[in-house]
Every structure is written in C-alpha cells, then in structure tokens.
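Hi,

Here is the structure I promised to pass on. Please have it open while you read, and my notes follow below.

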Amino acid sequence: MSNKIKIDLFSDPACPWCLVGLTRFDQALQRLDPNVELELTHHAYLLDPNTPEGGENARDVLQMKYGQAPDEMWDRLEEEGKKSGLDLDMRKQEIRYPTQRAQILIAIAKEQDKQQEIALALSRANYLKAENISDPDFLADLAEAHGFDREEIFALVQREDLKGHIEKAAADASKQGVQGVPFFIFNEQYAMSGAQPDEVFDQVFAQLLSGEPMPQPQPDQPA
C-alpha cells in the first residue's frame, strides 16, 4: 500500500484529444482521496514544431496528414467530449497555432504547482473559445487570471532561449518513445496514452495505491 503517486504527463494544447484526456484526468484527480500525495509534472510535446507564427488552417493540416477530410474524426471528438461535459465544436477553432509559447507558460506554472489548471485552461481556450493560444497578450491575460504576474509572463513567453528549451524537450520526448498525446507515465513504470475513459483513470489510481497490476489501456487516439 502507498499513498504516493508520481505522474509525468505529456500533452499539447493544439491536440484536441488532449482536451478530452486532460478533462477526464482532471475529473479523476478530483475524485482522489485528498490524503494521496500526488507529484504531477507536465512535459512539453509539440504536434508540429514547425507550425508558422500565424498558424495554419486546421482542416488543411489534417487533410494533408491523413489524406481525407477530418469531419468523421471531429464528429467522434465532439461525441467523446460531450461524455465528459465538454460542449465541443471542432469546427469552431479554424486555426492550428504554434504552441511553443503556451508550453513555456505550462512549464513556468510548475513553480506554483498550477500546471494542470494552466494546461487545461489553454486547451479549453483553444477548442472551446477559438483563442489564439500563441498570442503573448492572451497568454499573459490567462496567466494573470490564475495568479501570475502579467508583465513577467508576457516577457517570458517571448524569450527565444525558452522557446529553444521547449523544442529540445519535446524532441527528446519523441526520441524516448512519446509518439502521441496525451501520454501518461505513472510512478516511472507504467505508460498509458490517449484520452482514456473515466473508469480507466480511476482503476489506475486505485491499483497504484494498492500495488495491484495495472489495467490494459485502450488504443490511443490520433491527434
């Protein structure tokens, strides 16, 4: 028996399955016994580190990637989102923005133990409100709403050295086997990918705390 769980989580606010997965994960966290000692670290992952500054048309990107229109996948995402209480309209956000600056903010949030709420807020802003999550003013406003210094964040998210650090970390994650997000590593031993059903997260937490074998995860979802 243990009351400690260590979680390393890889995600990208540009990934719609991350919104669904992080929402389900967050709901599972709320159901955890408050006496559980949780060590949660979000790590950067970039679906496309070469996304241009002004973004690019999301439909065109997915059409090129998969060789077909994304409507069927979008319909499935909306259906899965609704199961988790998300009023998700995949046609609302027409642009896929670069996420290096958003990832800088997520990394900074570690200092105040607010990575989960910032990562989730960024994903929600991207897909529920169609915000430009690469815009420094938007990022500074979002950070300020979560208790950070606005001017400091505005400056930090535009630093080229921090952007380079994010890109290296994301590249290293890919080299180490993270090929899709969301991706979870529990207690440095058990890996799980995709927007798993609610009950899977509950099972994982229960079995980690009891020391029982981990459940077999469902197949990953495409980003």
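Helices H4 and H6 run roughly parallel to each other, since an angle under 35 degrees counts as such and their axes cross at roughly 20°. Please keep in mind that this is a predicted model.

The crossing is right-handed. On the H4 side the contact is made by Arg101, Ala102 and Leu105, which meet Pro136, Leu139, Leu142 and Ala143 of H6. Sorted by type, the residues of this contact are six nonpolar and one charged, with no polar ones.

The backbone also has some spots to look at. As background, most residues other than glycine have a negative phi, and most peptide bonds are trans.

Where is Pro182 found? Pro182 sits in the loop between helix H8 (160-175) and strand E5 (183-186). The peptide bond that joins Val181 to Pro182 is cis, with omega about 5°.

Two non-glycine residues have a positive phi: Asp113, near 55°, and Glu188, near 60°. Asp113 lies in the loop between H4 and helix H5 (115-128), while Glu188 belongs to the loop between E5 and strand E6 (190-193).

Are these two side by side with solvent in being buried or exposed? Asp113 has 66% relative accessibility and therefore counts as exposed. Glu188, at 59%, counts as exposed as well.

Best wishes

Technical notes: Residues are numbered from 1 along each chain as its sequence is written. This is a predicted model: local features need pLDDT of at least 70, side-chain atom pairs count only at pLDDT 80 or more; totals for chains, interfaces and linings use all residues. Side-chain values use heavy atoms; hydrogens and water are left out. Axes are lines fitted to C-alpha atoms, for helices over the stretch in contact, and angles run from 0 to 180 degrees between N-to-C directions. Helices (H or I, at least four residues) and strands (E, at least two) are DSSP runs, numbered from the N terminus. Angles under 35 degrees count as roughly parallel, over 145 as roughly antiparallel, 65 to 115 as roughly perpendicular and the rest as oblique. A crossing is left-handed if the near helix is turned anticlockwise from the far one by less than a right angle, and right-handed if clockwise. Contact means heavy atoms within 4.5 Å. Ala, Val, Leu, Ile, Met, Phe, Trp, Tyr, Cys and Pro count as nonpolar, Asp, Glu, Lys and Arg as charged, and the others, Gly among them, as polar. Buried means under 20% relative accessible area, exposed over 50%, partly exposed in between (1.4 Å probe, protein chains only).
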